[in-house]
Protein chains: 2
Amino acid sequence: MVESGTSASPETGHPGGDRPRLDRQRILEAGAVFIEEHGVRQLSMRRLGAELDVEAMSLYRYVPSREDLLDGIVESVVDELYSDPEVYVEPRYGWQDYLLRLAHGLRRLAVKHPQVFPLIATRPAEAPWVRPPLRSLRWVESFLRAMTQAGFSNEQAVEAYRAFSSFLIGNLLLEVAALGADIGPVEDPDPSPSRQADLTDYPLLQELQDLLSEDRSKQEFDAALDALLDRLDSQLT
Amino acid sequence: MVESGTSASPETGHPGGDRPRLDRQRILEAGAVFIEEHGVRQLSMRRLGAELDVEAMSLYRYVPSREDLLDGIVESVVDELYSDPEVYVEPRYGWQDYLLRLAHGLRRLAVKHPQVFPLIATRPAEAPWVRPPLRSLRWVESFLRAMTQAGFSNEQAVEAYRAFSSFLIGNLLLEVAALGADIGPVEDPDPSPSRQADLTDYPLLQELQDLLSEDRSKQEFDAALDALLDRLDSQLT
DNA sequence: TAACCGTACTTACGATGTAAGCAAAGCATG
DNA sequence: CATGCTTTGCTTACATCGTAAGTACGGTTA
């Protein structure tokens, strides 16, 4: 029996096929997944369309352009921060706890989306003075409120915001790059022969290569974050 | 009188025309200039060819691909560091002076090439453990030598290298982005109407907007750099 | 002169982003 | 039910891209 009532079931889509219906969020999520799997360079409207069983042009109903698609993907990834239970929009246990949680939340995001993260870092934000990786006005407001409530002056809060942003961008961008995130374009299917640079002229490099390749990112991140918090704390007095 | 001797004048090019002859370095420099003027997105082989009064395909004589062209541009820009008289490859007045000069040299580079700098930051380096923005084995060797000579252990030198890289990437990337560097693709010829985001829900943002837009990058860079040097110094003991 | 070679141009192909128009299916009305 | 509007997706078409392959031409050397 076919109901043709006023309110349709959520599964109302394409009647013959069983394709779950296109919508902007679905496109953005598929885009994020695609980038994580194949890299930004490989993402084309046609290929993303194919991924969704749809022609490229159909995407333009929900996304004005490829550029906007990338912005949307970035935004939707950053928005995951809202659903991280470890991160509080409102500070609960003081500003240091707030910043620690925020930083670690962003780090989790970066590690979870190593291919998307460089986009987060390099795409222009909605307002020129909103900086990556927070990117959203709401988070900046949240940040500034946490700091001013804790006793930072307006100037100090703004300075802290810039220092915090810079710190995160630098550390996370490099950490993610080191993940073999293949940040740029090239997918190098050539591990050993010439990719191994010639170190004969650089004895110290040669000696320290193992140390350099070692992954101590978590510890160093925490140590540098600690130092940053100390520095901010010392400005409070 | 036409000289057809064995050694030609430097102007030996195209006989009829007065075009100065193509070579890789000229292409890379033209590419850097083009990017600074029009942004990376606008750089195509055809357009760069036109800039040099040459067909696109002629460039492929000197540059294997567009990707390699970008890498080459990055490399040639970073190599300017060698000709900065303020920066020493060998430390002369202690490791702190060395790091200060290096950091300021890179900052000058970033400010001079705001459009190219994000490429420096995000392109994969020649070896995975060589990090932006130094990018070259020779500078990494120089860095590590300066630190170990100053009494840092191998582990500490490597850790310092990572901290220093992260610091520079973060600060310079954001500084350059704030330059209106239009880091991404869009050239927005629309300053006032909707580019001005709606701040009604964010009172603190509204109040601090002037502070946030203020450019204090130089001072904050120096302050953060100072803090980093202090932190490294405290590890020495 | 002839052979050669490096340089630059021409042509051509597949892939891209996207403008414009079209078709079909859902809903709201008579 | 018939009619029309709106939403959704497909089709076609075009300029532009990176680049493979072939060609023409001038300078050097023999």
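1. A salt bridge here is a side-chain nitrogen of Lys or Arg within 4 Å of a carboxyl oxygen of Asp or Glu. Searched as a whole and over all chains, the structure holds 26 salt bridges.

2. This is a predicted model, in which local features need pLDDT of at least 70 and side-chain atom pairs count only at pLDDT 80 or more, while totals for chains, interfaces and linings use all residues. Residues are numbered from 1 along each chain as its sequence is written, chains are lettered from A and ligands numbered from 1 in the order in which they are written, and side-chain values use heavy atoms, with hydrogens and water left out.

3. Chain A has ten helices and zero strands, where helices (H or I, at least four residues) and strands (E, at least two) are DSSP runs numbered from the N terminus. Of the 237 residues in chain A, 49% are buried; buried means under 20% relative accessible area, exposed over 50%, and partly exposed in between, with a 1.4 Å probe and protein chains only.

4. In chain A, A:Asp71 forms a salt bridge with A:Arg123, with the closest N and O atoms 2.7 Å apart. This pair links distant parts of the chain, 52 residues apart, since A:Asp71 is in helix H4 (residues 66-78) and A:Arg123 is in the loop between helix H6 (117-122) and H7. A:Asp71 counts as partly exposed because its relative accessibility is 26%, whereas A:Arg123 is buried, with a relative accessible area of 7%.

5. A second salt bridge in chain A joins A:Arg101 to A:Glu86, with the closest N and O atoms 3.8 Å apart. A:Arg101 lies in helix H5 (residues 94-112) and A:Glu86 in the loop between H4 and H5, so the pair ties together parts that are 15 residues apart in sequence. A:Glu86 has 43% relative accessibility and therefore counts as partly exposed.

6. A:Leu69 lies in helix H4 and counts as buried because its relative accessibility is 1%; its C-alpha atom is separated by 9.3 Å from that of A:Met45, 24 residues apart along the chain. A:Leu137 is found in helix H7 (residues 137-149) and, at 6% relative accessibility, counts as buried; A:Leu137 and A:Ala127 are ten residues apart in sequence and 8.3 Å apart in space, C-alpha to C-alpha.

7. Which residues make up the salt-bridge network that contains A:Arg41? A:Arg41 is linked in that network with B:Glu67, B:Asp71 and B:Arg123.

8. The buried residues of H10(B) include B:Phe221, B:Leu225, B:Leu228 and B:Leu232. B:Glu220 counts as buried because its relative accessibility is 12%, and its side chain meets that of B:Arg216 in a salt bridge (3.9 Å, N to O). B:Arg216, at 27% relative accessibility, counts as partly exposed.

9. Helix H9 (residues 203-213) of chain B contains B:Asp210, which counts as exposed because its relative accessibility is 65%.
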